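Let us take a walk through a protein model together. Keep the structure open beside the text, and look for each part as it comes up.

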Amino acid sequence: MKHVGLRIDVDTLRGTQRGVPSLLKNLARHHYTASFFFSVGPDNMGRHLWRLFKPAFLLKMIRSRAATLYGWDILLAGTCWPGKKIGRRCETIIQMAAKDHEVGLHAWDHHAWQTQVETWSEEQLCEQFAIGLNELSRIVGRPIDCSAAPGWRADQRVIEYQERFGLRYHSDCRGSEIFTPKLSSSHLATVQIPVTLPTWDETVGRLVPAKGFNRYLLDAIHQAKGDPVYTIHAEVEGLVAADSFAQLLQMAADEGIQFCPLGELLANKPRPLPIGTLIRQTIPGREGWLGHQQITDQPS
């Protein structure tokens, strides 16, 4: 049995209201559990539309048929009207997810984090992080001990500031294996669990057609070494690609693949862990920089 960490990013109001219940139903059918990372503040995702002036982002929007994939309510959220507070409107759904699955923070304001985090002061970054943690903790009735940065927008500066919150792990970057980052003080930071596998929107229309994606992903899982981690989005696999995701779960079960929360991978990981840093890097199929694992020291 091969274990694969399943990270579910929930970015928007519609993704929470409609995508999460669909995902919960499909996961329960196959007795899988996962890590849900929730955005709980204002849904301002429509403000990404200004990025259409960037060729790489425009190409991705066309290739992924974004208006069909996400829906105009998501693409315009927070533009013509104030962004609606996701956590306040979706408390019951988030609580449903927390009953059987690991729950962590994605963001307070997903759009703001993804577009502004590199210019925020220490106080601004920590305030956004603290507000999100407090709101999600209030909703689920217990402390939150894990997080995953929107769009993998995190670097050494971000993890330095996150250390003050003392979480169990973060999933802020792409990479190949679970590792411990080293801080500027040479102390070790909170463990990072990188996403190691390609996502739907990075792959479909660029490397494979939609109907071939599940086979492409499962082949990548079988070939992967270490602890594969896969990211899906409630707005995609919970809505317009829900049938495809249900087929993926069945195919995975038939092929001896067990999806699980990221925390479960960490709990079963032998120590000591590799040591490394987060660097900024670009990857094919995704616009802009993201955090990427750079290993500096393997355990002896």
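Of the 300 residues in the chain, 59% count as buried, where buried means under 20% relative accessible area, exposed means over 50% and partly exposed lies in between (1.4 Å probe, protein chains only). This is a predicted model, in which local features need pLDDT of at least 70, side-chain atom pairs count only at pLDDT 80 or more, and totals for chains, interfaces and linings use all residues. Residues are numbered from 1 along each chain as its sequence is written, and side-chain values use heavy atoms, with hydrogens and water left out.

The chain holds 14 helices and 11 strands. Here helices (H or I, at least four residues) and strands (E, at least two) are DSSP runs, numbered from the N terminus. How do the parts of the chain meet? Contact means heavy atoms within 4.5 Å. Among the contacts with a separation of 6 or more, 75% are between residues 24 or more positions apart.

Let us turn to a pair of helices. Two packed helices are described by the angle between their axes and the distance between the axes. Find helix α1 (residues 13-29) and helix α13 (residues 242-254): their axes come within 10 Å and cross at roughly 20°. That makes α1 roughly parallel to α13. Axes are lines fitted to C-alpha atoms, for helices over the stretch in contact, and angles run from 0 to 180 degrees between N-to-C directions. Angles under 35 degrees count as roughly parallel, over 145 as roughly antiparallel, 65 to 115 as roughly perpendicular and the rest as oblique.

Which residues of α1 and α13 meet? From α1 come Ser22, Leu23, Asn26 and Leu27, and they meet Ala242, Phe245, Ala246 and Leu249 in α13. The residues of this contact divide into six nonpolar, two polar and no charged. In this count Ala, Val, Leu, Ile, Met, Phe, Trp, Tyr, Cys and Pro are nonpolar, Asp, Glu, Lys and Arg are charged, and the others, Gly among them, are polar.

Next come the strands. Two strands pair if DSSP finds at least two bridges between them. Strand β2 (residues 35-39) pairs with strand β3 in the parallel sense over five bridges, and Phe37 stands opposite Gly104 in β3. Is β3 (residues 102-107) mostly covered or mostly open? It is mostly covered, with six of its six residues buried.

Asp9 counts as buried because its relative accessibility is 1%. Not counting residues up to four places away in sequence, Asp9 touches Phe37, His106, Thr231, Ile232, His233, Ala234 and Glu235. His233 itself lies in strand β8 (residues 229-233) and is buried, with a relative accessible area of 12%. Leaving aside neighbours within four places in sequence, His233 is in contact with Asp9, Asp11 and Gly238.

Elsewhere, an open sheet of three strands has the order β6-β10-β11, with mixed pairing. β6 (180-181) and β11 (290-297) stand at the edges, each with a single partner strand, so one side of each has no neighbour in the sheet. β6 pairs with strand β10 (residues 275-281) in the parallel sense over two bridges, and the bridge partner of Thr180 in β10 is Ile275.

Our last stop is Ala112, in helix α7 (residues 110-116). Ala112 counts as buried, at 7% relative accessibility. Its C-alpha atom is separated by 8.0 Å from that of Asn44, 68 residues apart along the chain.
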